[in-house]
Amino acid sequence: MEMIEKYIYAVTHRLPQSQRADIAMELRGLIEDMLGERTNGGPVAQEDVESVLLELGHPKDLAEKYRGSKRYLIGPELFHPYITVLKIVFFALVVAMSVVFIIEYMIEPRSVVEHIFGYVTSVVSASMQAFVWITVGFAIAQYKGVAPKAGIAEESEKWSPSYLPPVPDQKKRIKRGEAITGIVFSILFLVFLYSSSHVFGVMMFEDGELVNVIPFLNGERIEQFINIIYVITVIGILKEGLKLIIGKWTKKLALYNLILNAVTLVLVAFLFNDQAIWNPDFMQELNQVSKADLNQDTYDLIKTIWMQSKAWVVIGFTIVLIIDTVSGFYKAYLK
């Protein structure tokens, strides 16, 4: 009957394409069996069909049962860590940009109105971008089923204490402070590079007041690589977000951690091995200061540190990421 086909369609079009044909066949057979029981093999009236379909329930609810879970953009299992990550990122952005604002104001105190306007717009713009990217990341995690299972047969009306999952080993648990620190570091990395051309570098003081900053990095080159910097930051937040969500070291999380750290290392090496990213006039600008305040030995020492620091940035990242990766696998395989 037409009403039956309409009901089957209303259920199956809410399901993945690959499941629709099989579930339509199963549902049609179920409805025929229910009608047979109701009429004892006699003629089927419109009222019988309506009664059976009402007994099966709303098509949306039946589709959710076939699908096995309700559809959420961000489900209850992920909502709390989602809000936590948003708060941490927003807090870190405000703190980091406030530091930048203070340094810029000290260098150029006359343009305080312009600095305040730039500060507010930067915080709002960065917060909006962070909100979008974090929401997209958690939505993907929800779609891929990254949310940890409670270990309880939630679909079942029956429940028993025996369904409770085991308590994770203390050594495998991931402290929230570790993940929060990682997220804050990712934000500082972004703000540091984004503002490096005019804020972060060797600070020059005159009569006790900050008058200039010799930047470490080349601002124009940073602008060209800004998308790579965004990707590194998003990967860092994603990695720490996974730790917050799962809450303990597992083999799967250790593997995710390895992949994300490997991608991060490749991007960092690509970024900092480009010599054009460093301020090409750094030593020349510093040389002007050395003639007035620094002796030759001190100047040569600074020059050596400057040249070696370019390599040590990548080496430092490599050591930290290797320690993080090995530590993750070690804790995941602890018995």
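The dialogue below takes up salt bridges, accessibility and confidence in turn.

Tutor: Please keep in mind that this is a predicted model.

Student: What makes the contact of Glu-5 with Arg-28 a salt bridge?

Tutor: The closest N and O atoms of Glu-5 and Arg-28 are 3.0 Å apart. A salt bridge requires a side-chain nitrogen of Lys or Arg within 4 Å of a carboxyl oxygen of Asp or Glu, so the pair qualifies. The two residues lie in distant parts of the chain, 23 residues apart: Glu-5 belongs to helix H1 (residues 2-12) and Arg-28 to helix H2 (residues 17-39).

Student: Why is Glu-5 called partly exposed?

Tutor: Its relative accessibility is 37%. Partly exposed covers what lies between the buried limit of 20% and the exposed limit of 50%, so Glu-5 falls in that class. Arg-28, with a relative accessible area of 29%, is partly exposed by the same definition.

Student: How do you know that Arg-38 and Glu-55 meet in a salt bridge?

Tutor: The N to O distance is 3.9 Å. Because the cut-off is 4 Å, the pair of Arg-38 and Glu-55 is counted. This pair also links distant parts of the chain, with Arg-38 in helix H2 and Glu-55 in helix H3 (residues 46-56), 17 residues apart.

Student: Which of the words buried, partly exposed or exposed applies to Glu-55, and why?

Tutor: Glu-55 has 55% relative accessibility; exposed means over 50%, and therefore Glu-55 counts as exposed. For Arg-38 the relative accessible area is 40%, so that residue is partly exposed.

Student: What makes Asp-61 and Lys-60 a salt bridge?

Tutor: Their closest N and O atoms are 3.3 Å apart, and this value is within 4 Å, so the term applies. Asp-61 is partly exposed at 36%, and Lys-60 is partly exposed at 37%.

Student: How many salt bridges does the structure hold?

Tutor: There are seven salt bridges. Lys-239, Glu-240, Lys-243 and Asp-324 are linked in a network of such bridges.

Student: Where does pLDDT stay under 50?

Tutor: This is the case over residues 150-156, for which the model has nine contacts beyond four places in sequence. Where pLDDT is low, the predicted coordinates should not be read in detail.

Terms used. Residues are numbered from 1 along each chain as its sequence is written. This is a predicted model: local features need pLDDT of at least 70, side-chain atom pairs count only at pLDDT 80 or more; totals for chains, interfaces and linings use all residues. Side-chain values use heavy atoms; hydrogens and water are left out. Helices (H or I, at least four residues) and strands (E, at least two) are DSSP runs, numbered from the N terminus. Buried means under 20% relative accessible area, exposed over 50%, partly exposed in between (1.4 Å probe, protein chains only). pLDDT is the predictor's confidence in each residue, from 0 to 100. Contact means heavy atoms within 4.5 Å.
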